[in-house]
Amino acid sequence: ERKVSLLMTMAEGDVLLSKDPEASESCTAEVPTVKDLEQLLDTGRSSCNHTDEVWPNLFLGDLVTAHNRFVLWKMGITHVLNAAHGTMFCQGGQDFYGTTIEYYGVPAYDLPDFDISQYFSSAAEFIHKALNTPGAKILVHCAVGISRSASLVLAYLMINHHLSLVEAIKAVKEHRWISPNRGFLKQLQNLDIQLRQTRDSLY
C-alpha cells in the first residue's frame, strides 16, 4: 500500500526511486518497476463500460462499440484506431466504416512478447492529428479495450502530452480500468526512460 501511495504522489511531481535491476542504469530519473506499475493498475475501479472517454474527445473501448456503426454515429466518432487489426474478432477496416470515419489499423496481438512499441509513434501521430481536427472524436479499441488499445493511448499521452507513465496511467484510470500485459508495461517503461532522457538532454 505504501508503494501505491508513493506512485500516486509521483504524478504530482515527486520522483519514485526504483531498485529494479531491469531499469536502465543510464537513466538519471528512475522509473517505477513493472511490479509497482501492476500494483498501481490494480487500485481503484475494477470494471469498465464498453467505451469510456479517457481524455477530451478520446474514447477507449472494445469491439462491441467498434462494430456498431450506429452507436459510433451517435457518439460522433470521426476516427477509429483498431489496435487488433486483422485479428479474429476485429475485422473492421476502412471498407467497413466507409467515408464517414477515418481508420487506422494496428495488427497487434495481446501477448507479452509482441513488440507493440513499433506502433507507439504512428498511433500517437494518428490520435494527435484526429484530436487536432475541429469537431473530431476518436475511438481507440482492441478486443476488450484494456491492454493493446490502452497501451497505445498511454503512449500517446506520454509522447504528445509529456506525461510520465505513472501520470498517464492515473489519467486514464480516472475514467476506465485498464490492464496492459506485463510485456507491454515493460515497453511503456522503456518509452518513459527514452522520453525522460530526451527531455533531460534538452535542458
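**Close-ups of a predicted model**

**View 1. Helix 7 and its buried residues.** In helix 7, the buried residues are Arg 148, Ser 149, Ala 150, Ser 151, Leu 152, Val 153, Leu 154, Ala 155, Tyr 156, Leu 157 and Met 158. That makes eleven of the helix's 13 residues, so helix 7 is mostly covered. Keep in mind that this is a predicted model.

**View 2. His 162, just past the end of helix 7.** Follow the chain out of helix 7 and you come to His 162, which has a positive phi of about 55°. This residue is not a glycine. His 162 belongs to the loop that links helix 7 and helix 8. Is His 162 buried or exposed? With a relative accessibility of 53%, His 162 counts as exposed.

**View 3. Helix 2 alongside helix 8.** Here helix 2 (residues 34-41) packs with helix 8 (residues 165-173) at an angle of about 15°, and their axes are 11 Å apart. The two helices are therefore roughly parallel to each other, since angles under 35 degrees count that way. The crossing of helix 2 with helix 8 is right-handed. On the helix 2 side, the contact is made by Leu 37, Leu 40 and Leu 41; helix 8 brings in Leu 165, Val 166, Ile 169 and Lys 173. Sort these residues by class and you get six nonpolar, one charged and no polar.

**View 4. Gly 145, tucked into a loop.** Take a look at the loop between strand 5 (138-141) and helix 7, where Gly 145 lies. Gly 145 has a relative accessible area of 0%, so it is buried. Which residues does Gly 145 touch, leaving aside its neighbours within four places in sequence? Gly 145 is in contact with Leu 60, Gly 61, Asp 62 and Arg 176. Trp 177 is 32 residues away from Gly 145 along the chain, yet the C-alpha atoms of the pair are separated by 9.2 Å.

**View 5. Asn 57, between two strands.** Asn 57 is found in the loop that joins strand 1 (51-55) to strand 2 (58-61). What is the phi of Asn 57? It is positive, at about 65°, although Asn 57 is not a glycine. With a relative accessible area of 32%, Asn 57 is partly exposed.

Conventions. Residues are numbered from 1 along each chain as its sequence is written. This is a predicted model: local features need pLDDT of at least 70, side-chain atom pairs count only at pLDDT 80 or more; totals for chains, interfaces and linings use all residues. Side-chain values use heavy atoms; hydrogens and water are left out. Buried means under 20% relative accessible area, exposed over 50%, partly exposed in between (1.4 Å probe, protein chains only). Helices (H or I, at least four residues) and strands (E, at least two) are DSSP runs, numbered from the N terminus. Axes are lines fitted to C-alpha atoms, for helices over the stretch in contact, and angles run from 0 to 180 degrees between N-to-C directions. Angles under 35 degrees count as roughly parallel, over 145 as roughly antiparallel, 65 to 115 as roughly perpendicular and the rest as oblique. A crossing is left-handed if the near helix is turned anticlockwise from the far one by less than a right angle, and right-handed if clockwise. Contact means heavy atoms within 4.5 Å. Ala, Val, Leu, Ile, Met, Phe, Trp, Tyr, Cys and Pro count as nonpolar, Asp, Glu, Lys and Arg as charged, and the others, Gly among them, as polar.
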